[in-house]
Amino acid sequence: MATLTKPVGQRPSGLLDRLNSTNHRAALNAFMVVVLAHWAEHLAQAYQIWAMGWPVKKAKGVLGLAYPWLVTSEWMHYGYALVMIVALFLLRRGFTGRSRTWWTIALAIQFWHHIEHLLLLTQAQTGHNLFGKPVPTSVLQLVAPRVELHLFYNTVVFIPMVIAMYLHLRPSPAEAELMTCSCRVPHSRPHALTPA
């Protein structure tokens, strides 16, 4: 397991260094606000469909009711998929050990989710839909409806993210020793010498 670290005493210089060291906790918190807001929209849409009995075309989440173009815009969906993959990639260096493994799993799944949204965006922009469908269709939409599919995608990206963050905030002694970010709890340092 290779870990990129700065020599002791050297301050992080670039944005990427700061995001994964002194600003890692703040960056993760900001990212999670975005992720949870997105989840809230999907859950609101699911509630509208399955609890309120609204047709899928009418169920637009909370923001989509006020701004219907948000839900119908492939640019907005692709933009969010892009924000997710970029954030997962940029914040990865701050993780160590098991937490990095889980964060990388989320990144890999989001990469495929991003490809699916790129396919949808390309079809919407060119007017040429794949698979002979009347509307833009992603690969896995051939086996699952879009609402259910995106609930699935969000779940399978979110679960490894949560596991990664849990492990990151509760590192093993060996992982804590490798941590150089602001998430490191000072008392988590293993083998601390205690006064006799």
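Trp112, Leu130, Phe131, Val139, Leu142 and Val143 make a nonpolar surface patch of about 530 Å². Patches take residues with over 30% relative accessible area and no salt bridge, joining like charges within 9 Å and nonpolar side chains (Val, Leu, Ile, Met, Phe, Trp, Tyr) within 5 Å. A salt bridge puts a side-chain nitrogen of Lys or Arg within 4 Å of a carboxyl oxygen of Asp or Glu. Accessible areas come from the Shrake-Rupley method with a 1.4 Å probe; for residues, only the protein chains shown count as cover.

The model is predicted: local features need pLDDT of at least 70, side-chain atom pairs count only at pLDDT 80 or more, and totals for chains, interfaces and linings use all residues. Residues are numbered from 1 along each chain as its sequence is written, and side-chain values use heavy atoms, without hydrogens and water.

Phe131 lies in the loop between helix 6 and helix 7 (146-169). Helices (H or I, at least four residues) are DSSP runs, as are strands (E, at least two), numbered from the N terminus. Phe131 is partly exposed, at 43% relative accessible area. Buried is under 20%, exposed is over 50%, and partly exposed falls in between (1.4 Å probe, protein chains only). Most residues other than glycine have a negative phi. Phe131 has a positive phi of about 60°, although it is not a glycine. Leu142 is also found in the loop between helix 6 and helix 7. Leu142 is partly exposed, at 42%.

Now the rings. Rings of Phe, Tyr and Trp (its six-membered ring) pair if their centres lie within 6.5 Å; planes under 30 degrees apart are stacked, over 60 edge-to-face, the rest tilted. The count is four aromatic pairs. Phe31 and Trp103 have ring centres 6.2 Å apart and planes at 70°, so this pair is edge-to-face. Phe31 sits in helix 2 (residues 24-50) and Trp103 in helix 6 (residues 97-126), 72 residues apart. Both Phe31 and Trp103 are buried. Phe152 and Tyr153 have ring centres 6.2 Å apart and planes at 45°, so they are tilted. Phe152 is partly exposed at 48%, whereas Tyr153 is buried at 2%. Ring pairs also link Phe31, Phe95 and Trp103 into a cluster.

Asn20 lies in the loop between helix 1 (15-19) and helix 2. Asn20 is buried, at 4% relative accessible area. A polar atom of the Asn20 side chain lies 2.7 Å from the backbone oxygen of Leu90.

How values were computed: Polar contact = N/O pair within 3.5 Å; in protein donor to acceptor, adjacent residues only side chain to side chain.
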